[in-house]
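Here's a quick look at one helix, the chain around it and a pocket. Have the model open as you read.

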Amino acid sequence: MKSATQLRHLAATIAAAAIIGTAGIATAATTTATPATPVAPPQVAQCAGCHGANGMGNPVAGFPALAGQPTAYLEHQLYAFKHGTRRNAIMKSFATGLTAADRKAIATYYNSLPVVAPASLPAAPSDDLGKTIALHGAGVGTAHVIPACASCHAAGGLGRAPAFPRLAGQPEQYLEAQLIDWRKGSRNESNLHLMRNIAKDLTAQQIKAVAQYYASLPPTGTSGS
């Protein structure tokens, strides 16, 4: 029979082993826990042809980046393409067959992708016209006041969820084309008509200047809340 001292020693050894084992389990759980990898919906394979495998678009062809854009914004754009309030033949062909669940899955996936810094960006415009409109607006004191782009799209053009997309680093030709589409009514997906009312008061020179300015800004950073 073991002595009282031996029994106390044995109990202490078992308790220590239990503590070490519990700590080991906790450490293992902490070590192995990793963020879930987003699963790409099957339709994304078709999207990648224009918007890139990483969702960062194709600046040369003028296709925008979708990675990191607000989920609600992306979802709403797919709805608009399907129902004709944003007109684009290629996107309508894609969006027409999408269900509400499909749109949600695609939007959620692209929102989850990291925003990757491009190898290079276009040079900043030589004048401050685009920057001035982006940061301060234009036409103050007139009947055609243009609010600062940053008031909705956040500092640096990084976007503000849920409704305002990132503009920074998007292709210049894409940004210019969208402002023109807003002005002529090819885009009219917002019930507030906010962008349509702004774009119709922009001159061609101002549209190009704003597009050049935002195209030259880095898309990486923390989006506005």
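In α3, the buried residues are T71, Y73, L74, Q77, L78, A80 and F81, where buried means under 20% relative accessible area with a 1.4 Å probe, protein chains only. Keep in mind that this is a predicted model: local features need pLDDT of at least 70, side-chain atom pairs count only at pLDDT 80 or more, and totals for chains, interfaces and linings use all residues. Residues are numbered from 1 along each chain as its sequence is written, and side-chain values use heavy atoms, leaving out hydrogens and water.

What do the buried residues of α3 pack against? They sit against α4 (89-95) and α5 (100-112). Helix α3 covers residues 71-83, and its 13 residues should span 18 Å at 1.5 Å a residue; the end C-alpha atoms are 19 Å apart, so the two agree. Just after α3, G84 adopts a positive phi of about 90°.

Zooming out, the protein chain has 10 helices and 0 strands, with helices being DSSP runs of H or I, at least four residues, and strands runs of E, at least two. Some numbers for the chain:

| Item | Value |
|---|---|
| Buried share of the 225 residues | 36% |

As for the second largest pocket, its volume is about 320 Å³. Of the 21 residues lining this pocket, the closest to its centre are P59, P118, S120, L121 and G169; lining residues have an atom within 4 Å of a point on a 1 Å grid.

Terms used:
On a 1 Å grid over the protein atoms alone, a cavity is a set of points where a 1.4 Å probe fits but cannot get out, and a pocket is an open set with protein on both sides within 12 Å along at least five of seven lines; lining residues have an atom within 4 Å of a point. Grid points are joined across faces, edges and corners, and a volume is the space filled by probe spheres set on the points. Buried means under 20% relative accessible area, exposed over 50%, partly exposed in between (1.4 Å probe, protein chains only). The expected span of a helix is 1.5 Å times one less than its number of residues. Contact means heavy atoms within 4.5 Å.
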